[in-house]
Amino acid sequence: MTACKVKWSESREVWYTRPYLGRTPAGKPIQPYREFPTAKTEEEAQELANIWAANLTADGRVRSALLADLLDDYTAMRLRKGASPNSIRSYKTFTGYVRKYLPTANARDMRALDFIRFEDRLLMPKEEKGQGLCQNSVRNVHDFIRGAYKFFVKAGICEFNPMYDVDKPVLETHEALALNIGDFRTLDEQLKPLLKPKVLNKRTWRAACNAFSAWLALRTGMRVSEVCAARPGEVFRGAAKYIHVGGTVIEEKGKKPWRRDVTKGRKCRNIAITDSDIETIDAFMALRAQFCGKLPANAPIVTVDGSYLRPRSVSRAFTTFAGKVEMPEGFTFHDLRHTHATWLLTHGVDLKTVSERLGHADEATTLRIYAHVLPGRDAYAASIFEQAAMQATASIEEVLQ
């Protein structure tokens, strides 16, 4: 990589660099100049300069670079800036699609039509030599490449972002599953015995952990990774009873699951709970002490040996359990969260409170997912139409009256 220390221009008020690349055959120094007007800090400007310099040829011109290789660099940069391992795993998968279908693509030569065809290939069924992805998955690939190109333009590698001229794939909306009263009663009846095993051993304790995880998600709307990350010290029993949600469990291949002290939405939150909830939590903690003995204060609530459980394992265990107790077809652990939100909204809790309780980025996210369950809207429409229909069919005498 070419060394290129950024400097600050007092006159132009911008970070810039001018690396020395040697001399031409005529003896003239080769010193290409590049400004980084979008950089807000020296650190950001230096990172952009390093990427730019790494793609310079000996004569000071930016060479064409393989798109897949640049996406690898972009992913590494996002990791350094704190992107979650789960996001990084997705970025690497998306880059794999580029390597598969655009193996020789130069980032500087790509046009909107190239990416339109690429995304179409991702949507094609595998039997037609496509990737067979759904609209939502292709939308994620689109957003990733669009963001990468924005960075490439800032770094001076590419002159423009071709993704601006590519229409975003339309997101497919799937109605969230929520339990009805009968299914809720069935689930509650099946979970309670698991929380009070007659014989405590490794098998029944693991079943109790999975059952408690499901119970907590249903009562609070927490995500499975948040449930797995919860610690005893984050349950508050004072005048204000609540669970502080301040972390999530991350799974990485070849590593033990670990807690990241930030949630998926990057918003810590407090979820109010009741006296009855506290009693269930305390009873589970007593059972934990009986099986695990004394654990460190920062050990998770749900644990087998003091370490964090894998969210995927907890989620899969619930799917198996739901099938055995005849929950609605396709009902998953995440649908416990949907049930919590749906019941709150249908019983009159305001949208802002539900959004904060779920930890959504904003109320628009909650509205997009749960608009169909908001009470009163459709009933009001029906009553208005009925009034209009009655007026249209009324006799003249009735109208005059």
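The largest pocket holds about 2200 Å³ of space. This is a predicted model, where local features need pLDDT of at least 70, side-chain atom pairs count only at pLDDT 80 or more, and totals for chains, interfaces and linings use all residues. Residues are numbered from 1 along each chain as its sequence is written, and side-chain values use heavy atoms, leaving out hydrogens and water.

**The largest pocket**
- A pocket here is an open set of points on a 1 Å grid over the protein atoms alone, where a 1.4 Å probe fits, with protein on both sides within 12 Å along at least five of seven lines; lining residues have an atom within 4 Å of a point.
- The lining counts 48 residues, and Asn140, Arg223, Lys264, His334 and Arg368 lie nearest the centre.
- Helix H3 (85–101) is among the elements that each supply at least two lining residues, and H3 gives the most, with six.
- By type, the lining has 15 nonpolar, 20 polar and 13 charged residues, with Gly counted as polar and Asp, Glu, Lys and Arg as charged.

**The sheet**
- Three strands make an open antiparallel sheet in the order S4-S5-S8; strands are DSSP runs of E, at least two residues, and helices runs of H or I, at least four.
- Strands S4 (235–237) and S8 (269–272) are at the edges with a single partner strand each, so one side of each has no neighbour in the sheet.
- S4 and S5 (residues 241–245) pair over three bridges, where pairing takes at least two DSSP bridges.
- Phe236 has Tyr242 of S5 as its bridge partner.

Note on methods:
Points joined across faces, edges and corners; volume = space filled by probe spheres on them.
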